[in-house]
Amino acid sequence: MEITIKDEFIKLGQALKLAGLVGSGVDAKFVIQDGQVKVNGEVDTRRGKKLYSGDTFEFNGEVVTVK
């Protein structure tokens with residue numbers, strides 16, 4: 001799956017919502033804090049982690065590429 005951003009970066013919590021993997025920012029906060037999300041193959045617990053074009057994130061078996 002891919003998501004397309006119009007700015008230089010998108011924050012991890014926003015990216016999860018944009019990809020439809022969580023229903024709200026609160027849901028994103030909890031799954032990220034619980035260590036359920038990987039960024040570029042590594043667990044990242046920062047909701048504000050900046051993702052740039054070419055980065056990938058993974059949650060619940062779904063891998064998403066930022067374009």
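Trainee: In which loop is the place of Asn40?

Mentor: Helices and strands are read here as DSSP runs, numbered from the N terminus, with helices being H or I over at least four residues and strands being E over at least two. By that reading, Asn40 sits in the loop between β3 and β4 (42-43). This is a predicted model, in which local features need pLDDT of at least 70 and side-chain atom pairs count only at pLDDT 80 or more, while totals for chains, interfaces and linings use all residues. Residues are numbered from 1 along each chain as its sequence is written, and side-chain values use heavy atoms, with hydrogens and water left out.

Trainee: Is Asn40 buried, partly exposed or exposed?

Mentor: A residue is called buried under 20% relative accessible area, exposed over 50%, and partly exposed in between, using a 1.4 Å probe and protein chains only. With a relative accessibility of 43%, Asn40 counts as partly exposed. Its phi is positive, about 50°, although Asn40 is not a glycine.

Trainee: Which value does phi take at Asn60, and where is Asn60 found?

Mentor: Asn60, also a residue other than glycine, has a positive phi near 60°. Asn60 lies in the loop between β6 and β7 (62-66) and, at 70% relative accessibility, counts as exposed. A positive phi, near 75°, is also found at Gly35, which follows α2.

Trainee: Which residues of helix α2 are buried, and how should I read their positions around the helix?

Mentor: An α-helix has 3.6 residues a turn, so residues three or four places apart point the same way. In α2, which spans residues 25-33, the buried residues are Ala28, Val31 and Ile32. They cover an arc of only 100° around the axis, which puts them on the same side of α2; the arc is that of the directions from the helix axis to the C-beta atoms.

Trainee: What do the buried residues of α2 pack against?

Mentor: Contact means heavy atoms within 4.5 Å, and the buried residues of α2 pack against α1 (12-18), β3 (37-39) and β6 (56-59).

Trainee: How many helices and strands does the protein have, and what pattern do they follow?

Mentor: There are 2 helices and 7 strands, and along the sequence they follow the pattern β-β-α-α-β-β-β-β-β. The radius of gyration is 10 Å, close to the 11 Å that the globule rule gives for 67 residues, so the protein is as compact as a globular protein of that length. That radius is taken over C-alpha atoms, and the rule is 2.2 Å times the number of residues to the power 0.38. Of the 67 residues, 31% count as buried.
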